Amino acid sequence: MHRAAELEGVDRYFKVAELTRVEGEGSLHLRVRDGQVVEAQLGIFEPPRYFEKLVVGRTPDEVLDIVARICGICPVAYQMSAVHAFEELFGVEIDPSVRALRRLMYCAEWIESHALHIYLLHAPDFLGFQNAVELARVERAVIERGLRVKRTGNRLLSVIGGRPIHPVSVRVGGFSRAPRIPELADVRRELDEAVEAALETVEWVSRFEGPEFRRPARLVALHHPGEYAMNEGRITSNDGLDLPASSWDQAFAEEQVAHSTALQARGSDGGVYLLGPTSRITLARDRLHPLAAEALERSGLAPEIEHDIFRSIVARAVELVHATAEARDIIDRYSPPDVPLAAWTARPGRAAWATEAPRGLLFHRYEVDERGLVREAQIVPPTSQNQAAIEADLRGYAPRVLGLPHLEATHRLELLIRSYDPCISCAAHFLDLTVEAA
Amino acid sequence: MRGSSPFPVTVFACGQMARGDDAAGLLAGRALRRSCRDAAVMYVGQLQVTDLLDLPKGRPCLIVDAVRGITPGTILARPLRLMAAQNPGGMARSSHALAVTDAVALANALGQPVEGWFVAIEGDDFETPYRLSPAVRQGMPRLVATCRALVAALVRRESARRRVDRCA
């Protein structure tokens, strides 16, 4: 092991690489010389998955089933961005109960995704455990709590979408089938416990002591005047951006970088920006469910969430409260739609929309021909938008850990990366970080 | 019609029909459901730790899947207890889905010791939808026979254990 002082004039390489069975393949390459980061690359080497080509020539309803396959964690997000884009173009008016049901579906996805990341992926880093198995051996009740919450999200999604992963009920105009009230009874009971567990989660993660990395960041999220934005709202930022959900491409653009098979998105000025719970909490905390707002207030961490990416776990936990509490409210008010599936007629044109996936803004754009078939598609997942921000933060943060022993530096950098809950392909995996001295 | 088994073994059939040889576990599950009254088959796709936690206390299980291997068509069978023990660190890597060994290790850590076997066939082609490779197609009867034999062994063991409990 070398101390930083021993490495003057030589390059140090930080590398992260991973292959897994079903999800994304990403790597980190960090080159340091004389204490300065000279290269910080979030490499994505997974072969392109061609979803934007797979949907060409397909009907809108076929697109909904295809894009759900992009991710096993956030299939609802892909379906929601697509379905709203088509309905906007076709002028479809949906039943208010359908609107509520779609919001409930999104809550289910946020619940399962956030619970998974907080309990199984992220928390062990803060508590000095290698992984959730180690944590479970010491804090069994804690992991059981997280799994119970996650299961509630999965069950809720099963009731609405027909199955917990890759749901099949979403259709342009509504749902192929809407659940009856008794079908929601069991999961409604579970949600009482899930809300309590989510509140305990906020208290738990608020006590985590971890590294700090305060820096200014451009934050971007949907904002809706009447609710915490999921399916609808305007694209806003903390520097005054205000655009319709369909106009993402007026302010942002994708670009190819040599070290990634995924496109990176940047602002029109070339600047990086951050999506996800951190941005949503900062830009729309006044629209949180009262229970979530109280939990955030009690944590006293709202300012830290805005400036310190290591506090994103608190933002995620606050959103867990929001999603469980709102899901409970929606079920209590729910009455099955009179018309679960509105009639619609396709028309040619540009169908575009953005919704809030668990990891942030997800933009879809489709060019539709006169037969209602997709001629061209653009899908911009949150992780591809966060990539450049991750690289910028690695560049900014790495100098602070270079003097630490190898393992500690490794741990800190991994912790930083996990804070974004990255999902390359859309799924990302960051694994064994190795530090090599040239 | 099959009668109900006094000591059923839960069979978790894993995989995806649309991913070539990855369908082998699901197809084996289908065959067991038809032909093995002691097998309570659950089609889980990707095994979740909550699937294991939902097992009735003490009920043995079989996890049937396809794996990438060196010799397509080869059948692998590993005791779950051994797999978990060989993976004491577990989940060294960040992932949104737990590997089988991680799920078993996590269930064990949560006080649900999982007894049973992991059975798999080494696959060749995980790309061609809805079609098994020749090697896996040829190996399917052996996969099903191995599963059936292990289910029978688990039932015999459970039966013997209960006799001992009654005598104690």
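Contact here means heavy atoms within 4.5 Å. Helices (H or I, at least four residues) and strands (E, at least two) are DSSP runs, numbered from the N terminus. The model is predicted: local features require pLDDT of at least 70, side-chain atom pairs count only at pLDDT 80 or more, and totals for chains, interfaces and linings use all residues. Residues are numbered from 1 along each chain as its sequence is written, chains are lettered from A and ligands numbered from 1 in the order in which they are written, and side-chain values use heavy atoms, with hydrogens and water left out.

Q: What percentage of the residues of chain A count as buried?
A: Chain A contains 13 helices and 14 strands. Buried means under 20% relative accessible area, exposed over 50%, and partly exposed in between (1.4 Å probe, protein chains only). Of the 438 residues of chain A, the buried share is 61%.

Q: Is helix 2 of chain A roughly parallel or roughly antiparallel to helix 3 of chain A?
A: Axes are lines fitted to C-alpha atoms, for helices over the stretch in contact, and angles run from 0 to 180 degrees between N-to-C directions. The axes of helix 2 (residues 60-67) and helix 3 (residues 75-90) of chain A come within 8 Å and cross at roughly 165°. Angles under 35 degrees count as roughly parallel, over 145 as roughly antiparallel, 65 to 115 as roughly perpendicular and the rest as oblique. The arrangement of helix 2 and helix 3 of chain A is therefore roughly antiparallel.

Q: How many nonpolar residues has the contact of helix 2 of chain A with helix 3 of chain A?
A: From helix 2 of chain A, P60(A), V63(A), L64(A), D65(A) and V67(A) meet Y78(A), Q79(A), A82(A), V83(A), F86(A) and F90(A) of helix 3 of chain A. Ala, Val, Leu, Ile, Met, Phe, Trp, Tyr, Cys and Pro count as nonpolar, Asp, Glu, Lys and Arg as charged, and the others, Gly among them, as polar. In this contact of helix 2 with helix 3 of chain A, one residue is polar, one is charged, and the nonpolar residues number nine.

Q: Is the crossing of helix 3 of chain A and helix 4 of chain A left-handed or right-handed?
A: The axes of helix 3 and helix 4 (residues 96-127) of chain A come within 9 Å and cross at roughly 155°, which means that the two helices are roughly antiparallel. A crossing is left-handed if the near helix is turned anticlockwise from the far one by less than a right angle, and right-handed if clockwise. The crossing of helix 3 and helix 4 of chain A is left-handed.

Q: How many charged residues has the contact of helix 3 of chain A with helix 4 of chain A?
A: On helix 3 of chain A, P75(A), V76(A), A77(A), Q79(A), M80(A), V83(A), H84(A) and E87(A) meet R102(A), M105(A), Y106(A) and E109(A) of helix 4 of chain A. The contact of helix 3 with helix 4 of chain A comprises seven nonpolar and two polar residues, and its charged residues number three.

Q: Is helix 7 of chain A roughly parallel or roughly antiparallel to helix 9 of chain A?
A: Helix 7 (residues 185-206) and helix 9 (residues 290-299) of chain A have axes 10 Å apart and pack at an angle of about 20°. Helix 7 of chain A passes helix 9 of chain A in a right-handed crossing. The orientation of helix 7 of chain A to helix 9 of chain A is therefore roughly parallel.

Q: Is D393(A) buried or exposed?
A: D393(A) belongs to helix 12 (residues 382-401) of chain A. Leaving aside neighbours within four places in sequence, its contacts are F213(A), R215(A), I309(A), L416(A) and Y420(A). Because its relative accessibility is 8%, D393(A) counts as buried.

Q: What is the relative accessible area of H166(A)?
A: H166(A) lies in the loop between helix 6 (140-161) and strand 4 (170-171) of chain A. Its phi is near 55°, a positive value in a residue other than glycine. H166(A) is buried, with a relative accessible area of 14%.

Q: Is Y130(B) buried or exposed?
A: Y130(B) is in the loop between strand 5 (116-123) and helix 5 (134-167) of chain B. Phi of Y130(B) is near 55°, a positive value in a residue other than glycine. Because its relative accessibility is 64%, Y130(B) counts as exposed.
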